[in-house]
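Please open the structure in your viewer, with the sequence panel at hand, and follow the stops below in order.

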Amino acid sequence: MTRGESTKILLVEDDPTQAMMYQQEFVNAGYAVIMAETGQLALQLAATEEPDLIFLDMVLSDMSGMDILRSLKSDSRTKDIKVVILSNLQKKELADEARSHGALDFLVKMQFIPKDIVNKAEKYLEGGQ
């Protein structure tokens, strides 16, 4: 899959500064970006907008990222959407649990600049890691 406005990324992030930073980088790279700051909105948008890739924070105000991931992967409408965890939490157990529930990858925010995340998105969309 190539970059383009037809390629949709759902960014689930409750920190407005971080959300804006990632959104701008994805838009600059030519992606259509859908934003959600709560878990409920993320689940709704995943089902209705059918994004190609979801970047999911683990800590949100209304539910945990792990609960969102489980819901996404158990819903026939969203189970095939690629999900990558993008979190400040750096725990191997959490990363392992996320992968066991269907996350493609677990990225720790402080280890990457936004441009790196965009480059990784392209790899995920092409089927790699």
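Predicted model: local features only at pLDDT ≥ 70, side-chain atom pairs only at ≥ 80, totals over all residues.

Begin by selecting Thr-78, which sits in the loop between H3 and strand S4 (82-87). Is Thr-78 buried or exposed? Its relative accessible area is 2%, so Thr-78 is buried, and, leaving aside residues up to four places away in sequence, Thr-78 touches Ala-46, Ala-47, Ser-71 and Leu-72.

Next, move to Asp-57, in the loop between strand S3 (53-56) and helix H3 (65-74). With a cut-off for buried of under 20% relative accessible area, Asp-57 counts as buried because its relative accessibility is 5%. If you display its surroundings, again without residues up to four places away in sequence, you will find contacts with Val-12, Glu-13, Asp-14, Gly-65, Leu-86, Ser-87 and Lys-109.

Now select helix H1, residues 16-28. At 1.5 Å a residue, its 13 residues should span 18 Å, and the end C-alpha atoms are 18 Å apart, which agrees. Colour Gln-18, Ala-19, Tyr-22 and Phe-26, the buried residues of H1; they cover an arc of only 100 degrees around the axis, and therefore lie on the same side of the helix. These buried residues pack against S1, S2, S3, S4 and helix H5 (114-125), whereas Pro-16, Thr-17, Met-20 and Asn-28 are exposed on the other side of H1. At the start of the helix, look for a side-chain oxygen of Asp-15, which comes within 2.9 Å of the backbone nitrogen of Thr-17, and just after H1 look for Gly-30, whose phi is positive, at about 95 degrees.

Finally, turn to the nonpolar interior. In soluble globular proteins, nonpolar side chains tend to be buried together. The largest nonpolar core here has 26 residues, and those with the most contacts inside it are Leu-10, Val-12, Ile-54, Leu-56, Leu-69, Ile-85 and Phe-106. Two or more residues of this core come from each of strand S1 (8-12), strand S2 (32-36), helix H2 (39-49), S3, H3, S4, helix H4 (92-100) and strand S5 (105-108). Select Leu-10 to see its contacts beyond four places in sequence, including Ile-34, Ala-42, Leu-45, Leu-53 and Phe-55. Another core, of 17 residues, lies apart from the largest one, and among its members are Leu-86, Ile-117, Tyr-124 and Leu-125.

Notes: Residues numbered from 1 in each chain as written. Heavy atoms only, no water. Helix = DSSP H or I, 4+ residues; strand = E, 2+ residues; numbered from the N terminus. Buried < 20%, exposed > 50% of the residue type's maximum accessible area, 1.4 Å probe, protein only. Contact = heavy atoms within 4.5 Å. Core = buried A, V, L, I, M, F, W, Y, C linked by side-chain atoms within 4.5 Å. Expected span 1.5 Å × (residues − 1). Arc of directions from axis to C-beta. Polar contact = N/O pair within 3.5 Å; in protein donor to acceptor, adjacent residues only side chain to side chain.
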